[in-house]
Amino acid sequence: MLAQRLAMLAAVDADENDTEVLSHALLHATAGLGGLGGMAHMRLRDITGGLILMASTGLTRPFTRLWDHLSDEDSVAPIRAARENGPVYVPALAVPKRSHGHAADAPRGPAGAGMVALPLPGPEGPLGTLAVLLPESHAPDHGQQRFLAEVARWAGGLLRLAPASPGGVSPTLLHGRRQPVPPQTPPGEEVGHWDWDLRTGAHTIDERSLDVLGIDREAFDGTVESWSALIHPEDLPWATAEAERAVRTRSTYDMEFRLRRADGTYGWLWTRGRVVTGEHGEPVRMVGTVWSTAESHEGLEAVGRALLHMNDGFVSMTGEGRIGFVNAAAERLLGPAREMIGRPLWEVAALRGVPGVAEQCRRAVDEGEEVGFEVPGPGHDVWYHLRLVPIPGGLTAYVTDVTERRAAARRATLMAELTQALAEAVTAQDVVDAVAGSVLPPLGATGLIMATLEHDRLDVVGSVGYPEAFVRRVHGTPLAAAVTGEALRARTPEFSSSPEEFTACHPRAAGLIPAGGKQAAAFLPLIASGRVIGVCVIAYDGPHPFGEDARSLITALSGVVAQAWERAGLYDAATARARELQRALLPRALPSLPALSAAARYLPTAQGADIGGDWYDVIPLSADRVALVIGDVMGHGMPEAATMGRLRTAVRTLSDLELPPDEVLARVNDLVSELGEESFTTCLYGIYDPTTQSLTYTDAGHPPPAVALPDGMVCFPAFDPDPPLGVADPPFETHEVSLPDGSLLVFYTDGLVEVPGRDIEEGMNRLTRTLTTALADGGGQSVRAGGHPAGQAPDEAPERLCDTVTGALLPTDRPAPDDTALLIARTRALAPEDIALWPLPDDPVAAAQARKYVREQLEAWHLSEDLETTTELIVSELVGNVIRHATGPATLRLLRSRTLICEVTDGSLTTPHIRHPSVTDEGGRGLQLVAAMTTRWGTRYTPTGKCIWTEQTIP
């Protein structure tokens, strides 16, 4: 197999670039040694020292980030292999010392993994290293070492990156084929002049240029053909095209390319010339100047190799702070490279004038520590985050655009301030009542209509003194047809003292007078914030003269009413948004599950926009288990609702990980603690297992659940709850309650049992009496195992009890003082005949034994015809993995429910994952088969190890 891999490498196209060569080498080296992943580093001799990461396979970016740059002073395997020029194996993986601040929060690799590293041979020493991560206690044998050495030799032979010569770096590798844009003065040393006779082909260059550029005098015979032969093959096409263009257009020739030296290496030069024409205007000669730019390319190309796959902006600076390299992302953020090279970072146009950049750069260099801060970009409409990382002999800067993140933060702040302001506003109906009670009596008026102007239509919000039929007739009137239309368009009050005056102004609307029963009216446009937001009509039963004083008073009152009306509109809009948010953050519907049927109620406090943080959820788990959760974020308002949504999402995510209740609340407690000292949350989280008929739960400061047994007895489990989340100090205590088939679980928040004038103990006693009475009056039949009243579906019991409990415990004559969440679930046990459990021997025969158990059990359940083949294959694969990779006693369990559930447990904590094997891999496809043949599968941890489970649809 190893020989075949070497044969595949030998067939790789020699024209592939260095990154592709290293990727091929890593892929086969890792697969050949059975490794977990691999990395390839290249030596940087003249710029930063140490090794730079060029390629990796099988490893995540958070892990490889630690290995981007390895210092010569480090002792990890790649550095040792390069230093000793030989293979190095370390049985325990160590993190590099220089990790640029990532070591504290980045993964350190698989526990117990080792590493083998080998140098990439080159003519002047190691070009770099290949390193492979190996599983625990998996040292390479002699054959594998020889194989790895052959892979390294093959890669070193194909690499075009000569370690001592930056001229050997392919510009295609760094930037792709491009023609550089020259600065005003080429960044290098002027070394001489040249002369090219276009008629004879003679090409002369002065002696100093030949010496400085290192040109082989024997290879260069003074002809343009010999000069072209010295140009690097990759640069020759566009260098020739540029010369032809200059001759054709009689213009200047400006080009940078590589020229072969006498020692076989390549050096960069910049040449600039002009065309000399003859007496008839024909081109006869080209003359020009040569600059040596090799030195400026050393830093650019060495760093460019390391930054080939980088997405963030990157800038490399010398010890004096002058920029030597910028990648493409940095050019997009800060400007063209030609305008930045050679300048200090704080003099770049995009950052010029930003205070503190120069000081932070000097601080990073002086203290040798990473520095991060945010700065405004051009025009101050964008923001960048600068991360300054000192390196030997210089400084690097990572640039990230954080404009959107800052904008999102600003939007969140503005929304919080707006929500707080609107929470103090009154409703539109309150404004109508206030005007009716405070304005109409002093003016002697008897009628009031207040309407909003929405999309050129009048929508009546409230009225006083008008028949309901008349209000319905007016509601929704288009602005063009409304009698108030002219007043609204002119933004001027209109007064009608009598029916005759009204008819004269609105002849087509004369029928409104008898329909409305009023004879005089004032039509007042409501103007706020410079726009018409509605209309207020104040009417009288009889004719009413509007004098100047009355008109001025009513007009002034309309301005005050308009401000209140606008606030009311904002308040109503905020309340509607708040209710929508509340509904969106709670489950739209509870799932229908084999283990239980549940119903829930959420009753808001009816305090407008001040919504609460009460929540509940029912989460299906593996093996027909169900997680029940209820919580209460203390306080009211948008922030509390947002926190509730975050916590509900976090709990659902942690539940998907199959964590026990105490661990779920421990992790949620960390999340609440991060929100601040004023954030407290009570939460009750439990898992019901229909196979054991038990509820395992943890309580963080929440009222205890009520349990109604099938015999009608109602009780609260006796225990001392842990403190609320945010102030608790894990570990949390776990409790367990046995629940016979048909028991009822009642989860609730304190708003149900604690109201003004009734403490929580009295409320819990009242809840007990309500449940007892409801069950005794007929509801009890619906919770008896297997029975329910005639004509009533079993799932109606929780629904009816929710209505009974809320009706008995919450006030009906006034809004509840606090939000209330109620969750009632009726449990169902999985019948013993639907459960099959077998211990498995710690022996390869366990797979065959497991298949035998499956065949026999499926025959007993009459499922063998549909599920026998796939279930045997699934069980064989799962048990086989246990025998090969796990430890401890293993068991097999089958559950017959809505689906066929298969579980294999063992004493190991190793979690299996689906691999993505290549076409040459012989294994790694077992879990892919399992996933393809099941509807769901996963892993959960048990007190003694882990359990791998699958679900199959029963036809």
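User: Which exposed residues sit on the face of helix 12 turned away from its buried side?

Analyst: Happy to start there, bearing in mind that this is a predicted model. Helix 12 spans residues 357-367. On the face pointing away from its buried side, the exposed residues are Glu359, Asp366 and Glu367.

User: How are the buried residues of helix 12 arranged around its axis, and within what arc do they fall?

Analyst: The buried set is made up of Val357, Ala358, Gln360, Cys361 and Ala364. Viewed down the axis of helix 12, these buried residues line one face of the helix, because they fall within an arc of 170 degrees.

User: Are helix 1 and helix 5 roughly parallel or antiparallel to each other?

Analyst: Good one for the geometry-minded! The axes of helix 1 (residues 2-10) and helix 5 (residues 142-158) come within 11 Å and cross at roughly 0 degrees. Angles under 35 degrees count as roughly parallel. The two helices are therefore roughly parallel.

User: Does Ser498 count as buried or exposed?

Analyst: Ser498 lies in the loop between strand 20 (494-496) and helix 18 (499-505). Leaving aside residues up to four places away in sequence, Ser498 touches Gln519 and Pro543. The cut-off for buried is under 20% relative accessible area. With 18% relative accessibility, Ser498 therefore counts as buried.

Note on methods
Residues numbered from 1 in each chain as written. Predicted model: local features only at pLDDT ≥ 70, side-chain atom pairs only at ≥ 80, totals over all residues. Heavy atoms only, no water. Axes fitted to C-alpha atoms, helices over the stretch in contact; angles between N-to-C directions. Helix = DSSP H or I, 4+ residues; strand = E, 2+ residues; numbered from the N terminus. Parallel < 35°, antiparallel > 145°, perpendicular 65-115°, else oblique. Buried < 20%, exposed > 50% of the residue type's maximum accessible area, 1.4 Å probe, protein only. Arc of directions from axis to C-beta. Contact = heavy atoms within 4.5 Å.
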